[in-house]
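Dear colleague,

Please find below the structure I promised to hand over. My notes on it follow directly after.

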Amino acid sequence: MLSKKIQKAFNEQMTFELYSGYIYMSMAAWFRTQNLDGFAAWMENHAREEVTHGMKFYTYLYDRLSSAEFGAIAKPKTTWKSPIEAVKQAFDHEQEVTRRIHELVELAENEKDHASVSFLQWFVDEQVEEEQVVDEIYSRMQLVGDFKPGLFFLDRELASSGASQA
Ligand code: FEO
């Protein structure tokens, strides 16, 4: 069974993962209004992954004879000044997720909960990939700048391949 402290922290992270999906769905909806369907598909896929992450915590809580408790999810931003601003927010958000996952690892280590440390390792590795993928797209957007054909090309590329990554 999980300690009360870990149960509370894991429930908070489960909610935060679902909140991440909510933010990315809001971004996807905005990208649709901008006719950037490749970016939208990428964000939709990313949102689905976040729900999967939340579900991993949900399942683990019951595997450890504890229970899930869903917290409130704040209203996400609905508009952005530019596509690059939205992607930058996604990158900053992923860094925050990483920070939280690392805090959970420290908590599990302090509580000497080896099973939870092992469970969290998947998230530690996943965050390396998540930050790398978002950073790659953000960096390419910085190169493109205000050059609209470059953005169009990037959108087409995400439509054909990027939507399968997150
Ligand atoms: Fe589940 Fe993108 O962090």
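**Notes on the model**

His93 counts as buried because its relative accessibility is 9%, where buried means under 20% relative accessible area, exposed means over 50%, and partly exposed lies in between (1.4 Å probe, protein chains only). Please keep in mind that this is a predicted model, in which local features need pLDDT of at least 70 and side-chain atom pairs count only at pLDDT 80 or more, while totals for chains, interfaces and linings use all residues. Residues are numbered from 1 along each chain as its sequence is written, and side-chain values use heavy atoms, with hydrogens and water left out.

His93 belongs to helix α3, which covers residues 83-110; helices here are DSSP runs of H or I with at least four residues, strands are runs of E with at least two, and both are numbered from the N terminus. Not counting residues up to four places away in sequence, His93 touches Phe16, Tyr19, Ser20, Ile23 and Tyr24, a contact being heavy atoms within 4.5 Å.

Glu85 is also placed in helix α3, but Glu85 counts as partly exposed because its relative accessibility is 25%. With neighbours within four places in sequence left aside, Glu85 is in contact with Lys77 and Trp80. The C-alpha atom of Glu85 is separated by 11 Å from that of Met27, and these two residues are 58 residues apart along the chain.

Turning to helix α4, residues 114-144, we find 31 residues that reach 46 Å from the first C-alpha to the last, close to the 45 Å expected at 1.5 Å a residue, the expected span being 1.5 Å times one less than the number of residues. Just after α4, Gly145 takes a positive phi of about 55°.

For the chain as a whole, there are 5 helices and 0 strands, and the C-alpha trace spans about 55 × 25 × 25 Å along its principal axes. The chain has 166 residues, of which 46% count as buried, and among contacts with a separation of 6 or more, 81% are between residues 24 or more positions apart.

With kind regards
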